[in-house]
Amino acid sequence: MLVALRSRRQIAPFALHRPASLAEAVELRSAPGTSAFLAGGIDLIDWLKLGHPIERLIRLDGVAGLDGIAADADTVRIGAMTRHAAIAASPLLHHRLPDLAALWQGVANPRVRFAGTIGGNVMADRSEYDALPALLALNAEAEIAAGAGTERIPLGRLPALAQPLLAGFVISEPDTLRLFADRTLRPAVSVWVGLTVRGERVRTLRVAVGMAHPRPVCVTLPLDIPVAAVESEATSIAAEAARLMPPPASDGRAGAEYRRRMIGVLTQRLLARSGVSL
């Protein structure tokens, strides 16, 4: 029965548009009626197969500047239409953000890695997806269409915006960033730890958590400790990060208390691991 409900025959008729610019895409989305941006289509097509009607699909693969990975001295930019497989294989990311490139090789399954996009992963707004907690742990900013150009905003502001067109993600000072993740307790909880390291000192810790809340959350701790002290102080730092987290949810996959305890345990493990590899 489930297969029948999710067949292509359930997709209602719609008009397909292929804008050539950000401005044209935004204009199409603002027209009267229901519409949606189409990137990789992993989540949107499944949603349409459930019988949800929509009047316009706006394909974004013809809009320049939404795909690809670029860098300058201070930033790395990942276009919203960049597919997961391209992130994992990117020589530039292996050089500038090697932790992200290495971790992305294990994200999702082959179908999603080669068809899904990082922007679509974030905009799907599903707590079990990995892109948002990873980007939060890296202190990335969202780049959204604004007028004839784009503007950067904190990632946390995205859910409050009405129908934003996501252009990409900008990660500042990539050469100072390290990223670690533990996804072994999926689907109950995943933990991503981002560290800002300058010289021989860890300056900032960001702990991002997926699957334990309605959407991923992140807490930031200012630190100023030697790299050599991270492993020995992992327990106290992890406890403080867990204390600052919003209360986790209880659902059919895990209880709130278990999740809170595991956030502390996984953060501690990741910090101990990072102390060895920094």
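How much space lies in the largest pocket? Here are some friendly notes to read beside the structure.

1. This is a predicted model, in which local features need pLDDT of at least 70, side-chain atom pairs count only at pLDDT 80 or more, and totals for chains, interfaces and linings use all residues. Residues are numbered from 1 along each chain as its sequence is written, and side-chain values use heavy atoms, without hydrogens and water.

2. The largest pocket holds about 1,100 Å³ of space. A pocket is an open set of points, on a 1 Å grid over the protein atoms alone, where a 1.4 Å probe fits, with protein on both sides within 12 Å along at least five of seven lines; lining residues have an atom within 4 Å of a point. The volume is the space filled by probe spheres set on the points.

3. Around this pocket stand 49 lining residues, with Asp43, Gly120, Met123, Ala124 and Asp125 nearest its centre. Sorted by class, the lining has 27 nonpolar, eleven polar and eleven charged residues.

4. Now look at β2: Ser35 and Phe37 on one side, and Ala36 and Leu38 on the other, are all buried (under 20% relative accessible area, 1.4 Å probe, protein chains only). β2 pairs with β3 (residues 56–59) in the parallel sense over four bridges; pairing needs at least two bridges found by DSSP. Opposite Phe37 you will find Ile58 of β3.

5. Beyond its neighbours within four places in sequence, Leu155 is in contact (heavy atoms within 4.5 Å) with residues including Leu132, Leu135, Leu136 and Phe169.

Terms used:
Nonpolar A, V, L, I, M, F, W, Y, C, P; charged D, E, K, R; others polar. Buried < 20%, exposed > 50% of the residue type's maximum accessible area, 1.4 Å probe, protein only. Helix = DSSP H or I, 4+ residues; strand = E, 2+ residues; numbered from the N terminus.
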